[in-house]
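Q: Please take a close look at one part of this model. Start with the whole chain so that the part has a setting.

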Amino acid sequence: MRENYIDYGKALLTIMVIAVHAGLAGMDSWSYVRMIFFFFVTGYTYTAGKRSLSAGITRRFTGIMLPFWKILFITAFLDIARAVYLGYGDYNMIKANMMFSVYLSGLVPKVLSFSNFFVYSVLHRAVHPAMPFSYPVITPLNCHLWFLVAMFSGCVLFFTYMEKLRRHKYYDIPAILIMLFIASLESPSTVQFPVSLGRGCIACACMIAAVNAKEFNILSAKKFSKKIIAGLIAACVCAFAILNGANKCAFIMSIYGDGSFLSVLIVYIGGISASILILYLMQLLEHYWQSPVLSFIGRNTMTLYLWNIILNTIFSILLLKIVNKAPVMDAFDMSLFTPDSYALILITTALTVITGTLMARYKKSHPESILAKII
């Protein structure tokens, strides 16, 4: 049975993602929590043996990778229009999207003889560590799509582990440590693996942790005292992680604190603890407030996630026209507002959420239409 409180959490965190992309940079330091939360709930809702390994992977490929390539194809052309209109690029924008569609990670190793063809990136004027071995192929409109590839890679690893390798739950800790070690090998000063494998390993580790949370009834415990104790432990671990730099990370660039295995581990346990706390809060929210809208958004986060930056751009430009202000781009050419333009950012976020929800509703009600297939 589908749990509404999980959908509530997915909906609210997706709205937060949209707000950050619209320009609410103050919440950006919590991006690791949002990403890990989605990885965690994917593992939590997994049922062993429900599908064969091949069927599970095929389902994820169809549900994640096909929409990824579809929106990336659309993005490749919209990136050019956006860059020309705002004055930071030209037709060369398509090169980065082309390479991203093949390598499926944002930092392409320079050892690939043809990779110097794909040098445009939003990082061309952003403050970032030197990247001696990689070309970034991240653009303002494709920068969020790494998450989809990481989710797919994580699911492939997770399904394989659960269906073929896990003989006992005691295998889980070594498996998690191996996954986190592989993730620690990626950084801006090294390379990113193809198919977003490093981030996929973190995703897999989060899913394994979620299976354990489910097996130990951490979220479904009947005794309120058990939830209080688990919540307090999670809060303490989360606080420890923050004090030790868990919020100083950027999954898109494979930055986790100082890049060491220990930093990856701290980010991981901090994100898992925060995910459990969020789900406890969502259980309380569900108890006191039933929201069909949040439930619907939580069940259709893919549509909002795919289109959110495109919609943000459209509504940002329209609002700037209405208030007669010029765009002021951030360091990544993404947000078009100054950091203190809270009203414009929130209006853009609301319009994007509303439009994305309507798109999802149309897709549900007209599944065979051409527009629905594009969405």
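This is a predicted model: local features need pLDDT of at least 70, side-chain atom pairs count only at pLDDT 80 or more; totals for chains, interfaces and linings use all residues.

A: Residues are numbered from 1 along each chain as its sequence is written, and side-chain values use heavy atoms, with hydrogens and water left out.

The C-alpha trace spans about 55 × 50 × 45 Å along its principal axes. The protein contains 13 helices and four strands; these are DSSP runs numbered from the N terminus, helices being H or I with at least four residues and strands E with at least two.

Of the 375 residues, 53% count as buried. Buried means under 20% relative accessible area, exposed over 50%, and partly exposed in between, with a 1.4 Å probe and protein chains only. The accessible surface comes to about 17200 Å², and 71% of this belongs to carbon and sulfur atoms; the areas come from the Shrake-Rupley method with a 1.4 Å probe, and for residues only the protein chains shown count as cover. Among contacts (heavy atoms within 4.5 Å) between residues at least 6 apart in sequence, 76% join residues at least 24 apart.

In soluble globular proteins, nonpolar side chains tend to be buried together. Here the largest nonpolar core has 100 residues, and Phe39, Phe40, Phe68, Phe147, Phe158, Phe251 and Trp307 have the most contacts inside it. Such a core is a set of buried Ala, Val, Leu, Ile, Met, Phe, Trp, Tyr and Cys residues joined through side-chain atoms within 4.5 Å. Beyond its neighbours within four places in sequence, Phe251 contacts residues including Tyr32, Met35, Ile36, Phe39, Trp146 and Val267. A second, separate core of 14 residues includes Ala22, Ala83, Tyr88 and Leu336.

Now the part in question. With neighbours within four places in sequence left aside, Phe337 is in contact with Ala22, Ser316, Leu320, Val328, Leu344, Ile345 and Thr348. One of these, Ala22, is also included in the second core. Phe337 and Ile317 are 20 residues apart in sequence, with a C-alpha to C-alpha distance of 9.6 Å.

Other loops hold buried residues too. Leu104 is in the loop between helix H4 (93-103) and strand S1 (107-109), and counts as buried because its relative accessibility is 8%. Leu104 is not a glycine, yet has a positive phi of about 65 degrees. Ser254, in the loop between strand S3 (249-250) and strand S4 (255-256), also has a positive phi, near 60 degrees, without being a glycine. At 2% relative accessibility, Ser254 is buried. Ala221 sits in the loop between helix H7 (197-215) and helix H8 (224-243), is buried with a relative accessible area of 10%, and touches Lys226 and Lys227, residues up to four places away in sequence not being counted.

Toward the end of the numbering, Ala372 is found in helix H13 (residues 370-374) and is buried at 2% relative accessibility. Ala372 and Tyr362 are ten residues apart in sequence and 6.8 Å apart, C-alpha to C-alpha.
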